[in-house]
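Hello,

Here is the structure I promised to pass on to you. Please have a look, and then read on for what turned up in it.

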Amino acid sequence: MEKIYDATEKKVTFDKALYTKIVWAGRRRYFFDILSTRAGDKYISITESRKKQDQNGGVQFENQKLF
């Protein structure tokens, strides 16, 4: 299983979420995260994770993120 990340998502995974909510919608999952900057400001991050099958029959997740 391999996940595809963009550069901004790799940066965010090191931050600790103050609150996370996961919503399932068929083969898609939506993650709503409340994060905090170093200055203490809060912002929301929305991630859509789609489950797909690769050519070998394995499972692969494709993610898109909004800040």
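The side chains of Arg-50 and Glu-48 form a salt bridge, with 3.6 Å from N to O; the term means a side-chain nitrogen of Lys or Arg within 4 Å of a carboxyl oxygen of Asp or Glu. Please keep in mind that this is a predicted model, where local features need pLDDT of at least 70 and side-chain atom pairs count only at pLDDT 80 or more, while totals for chains, interfaces and linings use all residues. Residues are numbered from 1 along each chain as its sequence is written, and side-chain values use heavy atoms, leaving out hydrogens and water.

Arg-50 is buried, at 16% relative accessible area (buried is under 20%, exposed over 50%, partly exposed in between, with a 1.4 Å probe and protein chains only). Arg-50 also has a salt bridge to Glu-62, at 3.2 Å from N to O. Glu-62 is partly exposed, at 25%.

Now for Glu-48, which is buried as well, with a relative accessible area of 13%. Its side chain meets that of Arg-28 in another salt bridge, at 2.9 Å from N to O. Here Glu-48 sits in strand β4 and Arg-28 in strand β3 (residues 28–36), 20 residues apart; strands are DSSP runs (E, at least two residues), numbered from the N terminus. Arg-28 is partly exposed, at 35% relative accessibility.

How many salt bridges are there in total? The count is four, and Arg-28, Glu-48, Arg-50, Lys-52 and Glu-62 are linked in a network of them.

Best wishes

Notes
Helices (H or I, at least four residues) and strands (E, at least two) are DSSP runs, numbered from the N terminus.
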